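Please consult the sequence and structure shown below alongside the text.

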Amino acid sequence: MPAGLNRALFTVAGAVVAVMLAIAICSVAIVIAGGGPLDALAAFFNWGATERAESNATAVLLDRAVPLFIAGLAVAVGFRMNLFNIGVEGQYRLAAICAAFVGSTFTAPAPIQIAVIILVAALVGGLYALIPAVMKVTRGVNEVISTIMLNYIAISLSAYLVRGPFMGEREAGSLVTTTPQLPESAMFPNLNFVFEWFGRIPPTRSGGLWGFLLVAIVLGVVIWFVLERTRFGFEVKASGLNGPAALASGVNPKRMVIAAMVLSGGIAGLIGLPEILGDRGAFNSNFTAGLGFLGIAVALLGRNKPVGIAIAALLFAFLDRAQGPLQDANVPASVVTIIQGVIVLLVVVANEVTNRLALRVEERRAAQQLGKLEVAA
């Protein structure tokens, strides 16, 4: 059996075992929380009593998966360089508010308006990620510490901007502050027509199925190509595995650290755009938080591969969507967080175990081949 196929089978087997163990452990947690495992399982697959409710639930799942997928990609680029970009949370929050404000200051045809907003978000995210990259290559500052500290700065700065220089008109009696509303040309068209293709009733929830899903798919393909099929991707991986060896081969590890962190931050800057361009039309004080930290779990679960990250994002979105049905079944919604954490933990452990098993099998096979060659000689 080829080594690549052997590793793939070990990986799949490990993931299946990890998920089964996670289900068993979480069933115990559900019982302790006062719920029933079977009720929880039914809630996860409760998509509503009507066709329209099912369409709304499907749209919620996909809309939730899009920013998680982008967050996973951002983290994965850093992981490829053996960099832990924990600052994705701050990078996307700061990029989102800057892009939303800049987009509200002018009106242009939709393609130009949306392109400018996306470009601003990517630039802000990339530039903010440049700070820890420069600190690392010039002063040796650990990127985990610097990005965590920069998260607090970005979150606080975003809160100040939305209540200060970037604040738009507040509705009477509302406690929510927001940036000025984007013009209609900035809103990304939804994909509700896809449901009609399959003979289903389109969703009626606000924003419907976000059109940014198409951008996420294109982004995933581009990142896969860049990391797997280009010299840049090879240099990133080589520098992450062994900096001195990469330097001896003509690759500048410091330059690759900066490039990988800026690319990671640029991708992170896009995380908040699906929500802004697909639904809210502005950045407000209730903007969805925590996507950057979830992106770390998604990247780990997807093993830093775009396809794996997509599957992990869908799994997390599937679990998040069930919070409402879980509460209706008298099961605490916090069970979702427990399940997500247990799955990630067990899959990471399973990956390490299966990697060691696969390596042991390959070493044994190599030893057998060497023995055959010695006998033949």
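## Basis for the description

The model discussed here is predicted.

## Packing of H5 and H6

Helix H5, residues 110-139, packs against helix H6, residues 143-163, at an angle of about 150°. The two axes lie 10 Å apart. H5 and H6 are therefore roughly antiparallel to each other, and H5 passes H6 in a right-handed crossing.

On the H5 side, the contact is formed by Tyr-128, Ile-131, Pro-132, Met-135 and Lys-136. H6 contributes Glu-143, Ser-146, Thr-147, Leu-150, Ile-153 and Ala-154. By class, the residues of this contact of H5 with H6 comprise seven nonpolar, two polar and two charged.

## Packing of H3 and H11

The axes of helix H3 and helix H11 (residues 253-268) come within 8 Å. They cross at roughly 175°, and H3 and H11 are therefore roughly antiparallel to each other.

In this pair, Ile-70, Leu-73, Ala-74, Val-75, Val-77 and Gly-78 of H3 meet Ala-260, Leu-263, Ser-264, Ile-267 and Ala-268 of H11. The contact of H3 with H11 has nine nonpolar residues, two polar and no charged.

## The largest pocket

The largest pocket has a volume of about 770 Å³. Its lining consists of 30 residues, and those nearest the pocket centre are Ala-15, Val-19, Leu-301, Leu-315 and Ile-343. Two or more lining residues come from each of helix H1 (3-32), helix H2 (37-44), helix H14 (306-321) and helix H16 (335-376).

H1 supplies the largest share of the lining of the largest pocket, with 10 residues. The lining of this pocket divides into 23 nonpolar, five polar and two charged residues.

## The second largest pocket

The second largest pocket has a volume of about 580 Å³ and is lined by 16 residues. Phe-79, Arg-80, Asn-82, Arg-303 and Asn-304 lie nearest its centre. The elements that give two or more residues to its lining are helix H3 (51-80), helix H9 (231-241) and H16.

Which helix gives the most to the lining of the second largest pocket? H16 does, with four residues. By class, six residues of this lining are nonpolar, five are polar and five are charged.

Methods
Residues numbered from 1 in each chain as written. Predicted model: local features only at pLDDT ≥ 70, side-chain atom pairs only at ≥ 80, totals over all residues. Heavy atoms only, no water. Axes fitted to C-alpha atoms, helices over the stretch in contact; angles between N-to-C directions. Parallel < 35°, antiparallel > 145°, perpendicular 65-115°, else oblique. Left-handed = near helix turned anticlockwise from the far one by under 90°. Contact = heavy atoms within 4.5 Å. Nonpolar A, V, L, I, M, F, W, Y, C, P; charged D, E, K, R; others polar. 1 Å grid on protein atoms, 1.4 Å probe; cavity = no way out; pocket = protein on both sides within 12 Å on 5 of 7 lines; lining within 4 Å. Points joined across faces, edges and corners; volume = space filled by probe spheres on them.
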